[in-house]
Amino acid sequence: MRKGNLISAAVSGILVVTAILCIIAKAMQADIKPDIELFAAELAMPTGNTEYHESSAEESRPLPEPSEKPEESSTVQADSDKVVKKEKDEKNDFEYSHPTEEELADYAEEHEGEEEYPVSEFTITEGNVSYGKVQVKNTSSTDIDIKKELEGKLGFKIEKGNEPQVLIYHTHTSESFLPYDTGYFYESYYPRTTDTSKNICAVGEEIAKQLNEAGIKTIHDTTLHDYPSYNGAYDRSYETVMAYL
């Protein structure tokens with residue numbers, strides 16, 4: 001048998017095994033499922049270099065009970081009769097909202113009859129250079145000292161004024177988030193959307209807003225570089241950046 005045929009057969013075998021393991025994982029209990037998924041990931045990844053981190057109760061921010069009052073909170077009247085609790089993060093100077101019982105009830109009703117799956121955190125890396133939690137896959141002929149780079153001075157200076165100083169763009173623009181931090185997701189959830197209020201553009205918009213309010217002129221580009229085709233997203237985002245430069 002030719003070498004190419006052997007490689008094809010091996011890859012096909014791995015994909016079949018991975019698919020079977022994923023089916024088994026879906027049918028198994030949540031406490032067994034992560035181990036099987038991790039094993040499947042190790043087979044599918046070229047290096048097999050994977051890490052699994054299960055979120056603890058301390059790491060996830062629990063939703064407050066209706067009677068629970070956050071230390072720093074204010075009550076805001078929404079458009080309808082819904083009342084949304086907002087908590088203030090003094091250190092970072094931003095607010096985040098908890099969903100109301102009514103919002104969560106509507107969310108559950110919208111997905112009635114669907115299977116729920118727990119949210120687990122997976123870290124899959126191929127980095128051959130690491131520093132703390134920073135991983136870099138270095139395939140160049142130049143050595144990288146991450147610690148030195150992080151501690152070094154910037155090669156440019158940000159100035160306040162009317163001239164743009166910052167450009168925010170998104171290579172994978174359609175990547176999105178779960179609507180609520182409930183610790184689970186429904187089977188119909190798909191982590192991509194062209195709605196810029198629900199995908200990564202919403203994050204970029206908030207960053208741009210903060211920078212502009214601080215007097216640092218910022219441009220936020222929301223071009224969908226990964227839609228309708230995911231392949232070629234880096235080439236298209238490169239073209240966007242070059243057009244601005």
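Which residue just after H5 takes a positive phi? I looked it up in this predicted model, and it is Gly215, with a phi of about 90°.

**Helix H5**

I then went back along H5, which runs over residues 200–213. I noted 14 residues and a reach of 20 Å from the first C-alpha to the last, close to the 20 Å expected at 1.5 Å a residue. At the N-terminal end I found a cap: a side-chain oxygen of Asn199 lies 2.9 Å from the backbone nitrogen of Cys201.

Next I checked burial and wrote down Cys201, Gly204 and Ala208 as the buried residues. Seen down the axis of H5, they fall within an arc of 55°, so they line one face of the helix.

**Helix H6**

My next stop was H6, residues 233–244. Here I listed Ala233, Ser237, Thr240 and Val241 as buried. They cover an arc of only 95° around the axis, which puts them on the same side of H6. Turned away from that side, I found the exposed residues Asp235, Tyr238, Glu239 and Ala243. The buried residues of H6 pack against strand E9 (166–168).

**A closer look at Ser237**

Looking beyond four places away in sequence, I saw Ser237 touch Tyr169, Thr171 and His225.

Conventions. Residues are numbered from 1 along each chain as its sequence is written. This is a predicted model: local features need pLDDT of at least 70, side-chain atom pairs count only at pLDDT 80 or more; totals for chains, interfaces and linings use all residues. Side-chain values use heavy atoms; hydrogens and water are left out. Helices (H or I, at least four residues) and strands (E, at least two) are DSSP runs, numbered from the N terminus. Contact means heavy atoms within 4.5 Å. Buried means under 20% relative accessible area, exposed over 50%, partly exposed in between (1.4 Å probe, protein chains only). The arc is that of the directions from the helix axis to the C-beta atoms. The expected span of a helix is 1.5 Å times one less than its number of residues. A polar contact is a pair of N or O atoms within 3.5 Å; within protein, one must be able to donate a hydrogen and the other to accept it, and residues adjacent in sequence count only if both atoms are side-chain atoms.
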